[in-house]
Amino acid sequence: MLSLLLAVIYVLPAYIANGTPVVVLRIAGPGHPLDMGIVMRDGRRLLGDGKTIEGLASGLSAGLAAAFLSHVFLPGVYRGLLECGLIPVGAMAGDILGSFLKRRLGVERGGSAPVLDQLGFLLMALLLAWIPYGPPGWADPPTIILLLLVTALLHVSTNALAYLAGLKERWY
Ligand code: CTP
Ligand code: MG
């Protein structure tokens, strides 16, 4: 239970990076597509309109700020500045890679890709942070599995809440 709490604190900046664009884009308008409208040879967009410069900038800023504050005020969570930075960077990269893969699979913007939508950002964040440092002390297999389950549940429930609050068009 303690290791799960540590795990959630560790990945919190990834959640913040992932959730911020939804709120910011709802307030700030449609934004500028990150892929600049580029269409690939398969006839589909490189990323689609769901990935914007404003979303990336706001998600990265909020995620990096959260990670840095956590690193300063909760020493021991991260093993260095690089590790705390790689969590939100990895989350945004994973989210963008997820959209790239969805377009290649023919899933339209906003369409559902189970597992990829809920966990892609987290898996990429963990992968990037663990390349230089290796897994942290809390990361035994049961805790990692629980963390993935908790993240998927949180993703589905916050999405449903965002839908009810009028932030998102779809409940999933
Ligand atoms: N968003 C953004 N820029 C990002 C990430 C997210 O502008 N880099 C905003 C978009 O308004 C997007 C919303 O956050 O619609 C929800 O994000 P997400 O579910 O990742 O995008 P989808 O619209 O579902 O698009 P995709 O099918 O590509 O995942
Ligand atoms: Mg989506």
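**View 1. Ligand 1 in its pocket.** In this predicted model, ligand 1 sits in the largest pocket. There are 16 residues around the ligand, and those that come nearest are Thr-52, Ser-99, Arg-103, Arg-109 and Gly-110. By residue class, the shell around ligand 1 is made up of seven charged, five polar and four nonpolar residues.

**View 2. Helices that contribute to the shell around ligand 1.** At least two residues of this shell are supplied by each of helix 1 (2-28), helix 2 (53-73) and helix 3 (81-104). Helix 3 provides four residues, which is the largest share of the shell.

**View 3. Polar side chains beside oxygen atoms of ligand 1.** In the side chain of Lys-102, a polar atom lies 2.9 Å from an oxygen atom of the ligand, while for Asp-95 an N or O atom of the side chain is 3.3 Å from an oxygen atom of ligand 1. Lys-168 also takes part in this view, with a polar side-chain atom 3.5 Å from an oxygen atom of the ligand. Taken on its own, ligand 1 has 560 Å² of accessible area, and the protein covers 87% of that area.

**View 4. Ser-58 and the backbone of Gly-55.** Ser-58 has its place in helix 2, where a polar atom of the Ser-58 side chain lies 3.2 Å from the backbone oxygen of Gly-55. Ser-58 is classed as buried because its relative accessible area of 15% falls under 20%.

**View 5. Arg-79 and Tyr-133.** The loop between helix 2 and helix 3 contains Arg-79. Although Arg-79 and Tyr-133 are 54 residues apart along the chain, a separation of 7.7 Å is found between their C-alpha atoms. The relative accessibility of Arg-79 is 37%, and this residue therefore counts as partly exposed, a class that lies between the limits of 20% and 50%.

View 6. With a relative accessibility of 16%, Gly-85 counts as buried, because the value is under 20%.

**View 7. Met-36, a residue with positive phi.** Most residues other than glycine have a negative phi. Met-36, which is found in the loop between helix 1 and helix 2, has a phi near 50°, a positive value in a residue other than glycine. The relative accessible area of Met-36 is 70%, and the residue is described as exposed because this value is over 50%.

**View 8. Val-115, a residue with positive phi.** Val-115 has its place in the loop between helix 3 and helix 4 (116-133), and its phi is near 75°, which is again a positive value in a residue other than glycine. At 54% relative accessibility, Val-115 counts as exposed, because the value is over 50%.

Conventions:
Residues numbered from 1 in each chain as written. Chains lettered and ligands numbered in written order. Predicted model: local features only at pLDDT ≥ 70, side-chain atom pairs only at ≥ 80, totals over all residues. Heavy atoms only, no water. Near = heavy atom within 4 Å. Polar contact = N/O pair within 3.5 Å; in protein donor to acceptor, adjacent residues only side chain to side chain. Areas by Shrake-Rupley, 256 points an atom, 1.4 Å probe, with all protein chains shown as cover. 1 Å grid on protein atoms, 1.4 Å probe; cavity = no way out; pocket = protein on both sides within 12 Å on 5 of 7 lines; lining within 4 Å. Sits in = over half its atoms within 2 Å of the grid points. Nonpolar A, V, L, I, M, F, W, Y, C, P; charged D, E, K, R; others polar. Buried < 20%, exposed > 50% of the residue type's maximum accessible area, 1.4 Å probe, protein only.
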